[in-house]
Amino acid sequence: MHVFLQELEALPPFDFELTVHNPAGWYWHNPLEVFSQGKVWTALHLSSGKLVGLRLGFKGSVEKPKVSMNVYSSQKLTNEEEKEIIELVVFGTGLKEDVSKFYNAVKNDSVLKHVIPNLYGMRRGTALNTHIFNSAILALTLQNAPIKRTDQMLELIVRNYGQRFTFDNKTTYTWPKPEIIMKASVGALTQKCKVGYRAKYLKSIAKTIHGGSCPTMRGLSLMPFEEAKAEVMKLKGIGEYSAEIILPHGEAFPIDIWSAQIFWKLFFPEKAAPHSKLEAIRRVREEAEERWGKWRRLSFVYVLCSLDNLSEKLNLQY
DNA sequence: GCGTCCAGGTCTACC
DNA sequence: GGTAGACCTGGACGC
């Protein structure tokens, strides 16, 4: 096993554990990654197809943060592959995001002032994506399902179609490659992963991405938000909510019926929610855009990682 | 037990 | 262009 070591500096403030293992319990890169004693182990395929395992840990402090990275692979990595891994990890952990600008922009916000102190230094944390397939799988499994169902589908997809990899005495899995899902039958996906009608969307998106007709995550991140959203919504099974789950842009605000209820109570505590759930989503979207502008994705993550805290401070029932 | 309902959306047929 | 209705699955609920 070849091991490549790298130390990465982060822009302070940076809290590693909150970023890769946040209070809401969301995974960082992959639902079957391992988190233990302040370190995270996960696996992925590089754009060359090579399989690598990652172990990330933290050094220093929130104000002088450094991330230590060990990369494990059965074949020696090229300089280009090492560079790709560093870029993915820097992007996926938000090491170079200046979160102090966010804190300054929202310092007087009536909601966020209650949540930032407990999450100081947390980044959004995103999957290590070259293509958008991993995020598209997440978006599809979030649709029309309570969280337990989503967890069930995600775990079955990764366990059945991802690649198992043991390194550094830990066993984990990669996300499935698009070509693996593309070649699986609808029947097999439905039976093994219990994804129901989502199977045909998974296959369709896998085929589009494998065929190269969908922009990469980097390509999308360079587009204006609305343009990138329209591009992703061309995929079968991807509507506005799912597109905003997938996109890396700060303006994304992936609100659904459940989270709209939470944000309605935070934004309009004195007003009854409209009868129409879609109308509530529309009003919450407008309010978030006006309040938080380009910081609404980070605000969204901070709020949903603080529901217990907000419930106490704002007498929020959810 | 067993049947019914419905949920962290999206597509499609129909008007 | 607007909008019901259908769609997998499994947990919650009533009986």
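Which residues make a nonpolar surface patch of about 320 Å²? The patch is made by Met 1, Val 3 and Leu 5. Patches here consist of residues with over 30% relative accessible area and no salt bridge, where like charges are joined within 9 Å and nonpolar side chains (Val, Leu, Ile, Met, Phe, Trp, Tyr) within 5 Å. A salt bridge is a side-chain nitrogen of Lys or Arg within 4 Å of a carboxyl oxygen of Asp or Glu. Accessible areas come from the Shrake-Rupley method with a 1.4 Å probe, and for residues only the protein chains shown count as cover.

This is a predicted model, in which local features need pLDDT of at least 70 and side-chain atom pairs count only at pLDDT 80 or more, while totals for chains, interfaces and linings use all residues. Residues are numbered from 1 along each chain as its sequence is written, chains are lettered from A and ligands numbered from 1 in the order in which they are written, and side-chain values use heavy atoms, with hydrogens and water left out.

Met 1 sits in the segment before β1 (2-9); helices (H or I, at least four residues) and strands (E, at least two) are DSSP runs numbered from the N terminus. Met 1 is exposed because its relative accessible area is 57%, given that buried means under 20%, exposed over 50%, and partly exposed in between (1.4 Å probe, protein chains only).

The structure holds zero disulfides, a disulfide being a pair of cysteine sulfur atoms within 2.5 Å.

DNA strand B is surrounded by 19 residues, the closest being Tyr 197, Gly 237, Gly 239, Ser 242 and Asp 256. Of the atoms of DNA strand B that come within 4 Å of the protein, 62% belong to sugar and phosphate. A residue is near a strand if one of its heavy atoms lies within 4 Å of it. The surface near DNA strand B takes at least two residues from each of α11 (240-246) and α12 (257-267), and α11 gives the most, with three residues.

Tyr 197 places a polar side-chain atom 3.0 Å from a base nitrogen of DNA strand B.

Definitions and conventions:
A polar contact is a pair of N or O atoms within 3.5 Å; within protein, one must be able to donate a hydrogen and the other to accept it, and residues adjacent in sequence count only if both atoms are side-chain atoms.
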